[in-house]
Amino acid sequence: MGNFCKKCGRCCKYIPANMEKKILYRDGIKPLEDDFALLLNPADLTNIDKNYQEMVLACFADAQFYTCTYLSSNNECTNPEKPQICLDFPSAPFAFIPDGCGYEGEVFIKNEAQKQKIRRLKEEI
């Protein structure tokens with residue numbers, strides 16, 4: 001699909017992860033690669049969208065939020081070697097997307113496609 005980013009920066013300001021278990025929740029349940037983990041600092045939750053925070057914590061009560069050190073003040077990535085996980089975002093049909101994110105539609109389409117696969121498998125069984 002295309003690049004629907006609205007440059008709101010929320011996906012890079014509030015990255016849900018569990019550093020102890022080395023799991024990244026933002027793009028579904030994925031291992032948190034060491035090179036990506038090094039780019040993260042604890043997030044300032046003063047301005048976090050409460051709906052987004054509640055949505056993440058309802059699924060993963062142990063999630064903590066982190067901010068990428070390469071996010072500029074105009075919400076653009078300044079990392080010349082952007083990690084693959086960022087380039088592929090959102091790659092999972094069940095990615096956490098803040099309200100108003102340009103990728104909401106893409107994640108919805110991926111989610112529906114996944115549901116159709118599950119329905120077909122159930123019918124076969």
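## Ser-72 and its loop

Ser-72 sits in the loop that runs between β5 (64-68) and α4 (84-87). Helices here are DSSP runs of H or I with at least four residues, strands are runs of E with at least two, and both are numbered from the N terminus. Ser-72 counts as buried because its relative accessibility is 18%. Buried means under 20% relative accessible area, exposed means over 50%, and partly exposed lies in between, with a 1.4 Å probe and protein chains only. The side chains of Ser-72 and Asn-74 are joined by a polar contact of 2.2 Å. A polar contact is a pair of N or O atoms within 3.5 Å; within protein, one must be able to donate a hydrogen and the other to accept it, and residues adjacent in sequence count only if both atoms are side-chain atoms.

Asn-75 is found in the loop between β5 and α4 as well. Asn-75 is not a glycine, yet has a positive phi of about 60 degrees. With a relative accessible area of 18%, Asn-75 is buried.

## Basis of the model

The model is predicted: local features need pLDDT of at least 70, side-chain atom pairs count only at pLDDT 80 or more, and totals for chains, interfaces and linings use all residues. Residues are numbered from 1 along each chain as its sequence is written, and side-chain values use heavy atoms, with hydrogens and water left out.

## Overall form

The protein chain has five helices and five strands. Along the sequence they follow the pattern α-β-β-β-α-β-α-β-α-α. The C-alpha trace spans about 50 × 30 × 30 Å along its principal axes. A compact globule of 125 residues would have a radius of gyration near 14 Å, and the 15 Å of the protein chain agrees with this. The radius is taken over C-alpha atoms, and the globule rule is 2.2 Å times the number of residues to the power 0.38.

Of the 125 residues, 37% count as buried. The accessible surface of the protein chain comes to about 7700 Å², and 53% of this belongs to carbon and sulfur atoms. Accessible areas come from the Shrake-Rupley method with a 1.4 Å probe; for residues, only the protein chains shown count as cover. Among contacts between residues at least 6 apart in sequence, 62% join residues at least 24 apart. Contact means heavy atoms within 4.5 Å.

## The sheet

Five strands form an open sheet in the order β3-β2-β1-β5-β4, with antiparallel pairing. Two strands pair if DSSP finds at least two bridges between them. The edge strands, β3 (30-31) and β4 (40-42), each pair on one side only.

β1 is joined to β2 (residues 23-24) by two bridges, and the two strands run antiparallel. Ala-17 stands opposite Leu-24 of β2. Three bridges pair β1 with β5 in the antiparallel sense, and Ile-15 has Tyr-66 in β5 as its bridge partner. β4 and β5 also run antiparallel, joined by three bridges. The bridge partner of Leu-40 in β5 is Cys-68.

## Nonpolar cores

The largest nonpolar core has eleven residues: Ile-15, Ala-17, Leu-24, Leu-32, Phe-36, Ala-37, Leu-39, Leu-40, Tyr-66, Cys-68 and Ile-85. At least two residues of this core come from each of β1 (15-18), α2 (34-37) and β5. Apart from this core lies another, of ten residues, including Tyr-14, Tyr-25, Tyr-52 and Ala-63. A nonpolar core is a set of buried Ala, Val, Leu, Ile, Met, Phe, Trp, Tyr and Cys residues joined through side-chain atoms within 4.5 Å.

Not counting residues up to four places away in sequence, Leu-24 touches Ile-15, Pro-16, Ala-17, Ile-29, Lys-30, Pro-31, Leu-32, Phe-36 and Ile-85.

## Other local features

Lys-22 lies in the loop between β1 and β2. Lys-22 has a positive phi of about 60 degrees although it is not a glycine. At 36% relative accessibility, Lys-22 counts as partly exposed.

Phe-89 and Pro-90 are joined by a cis peptide bond, with omega about -10 degrees. Pro-90 belongs to the loop between α4 and α5 (104-124). Cys-59 is part of helix α3 (residues 50-59) and is exposed, with a relative accessible area of 51%. Cys-59 and Tyr-25 are 34 residues apart along the chain, and their C-alpha atoms are separated by 9.4 Å.
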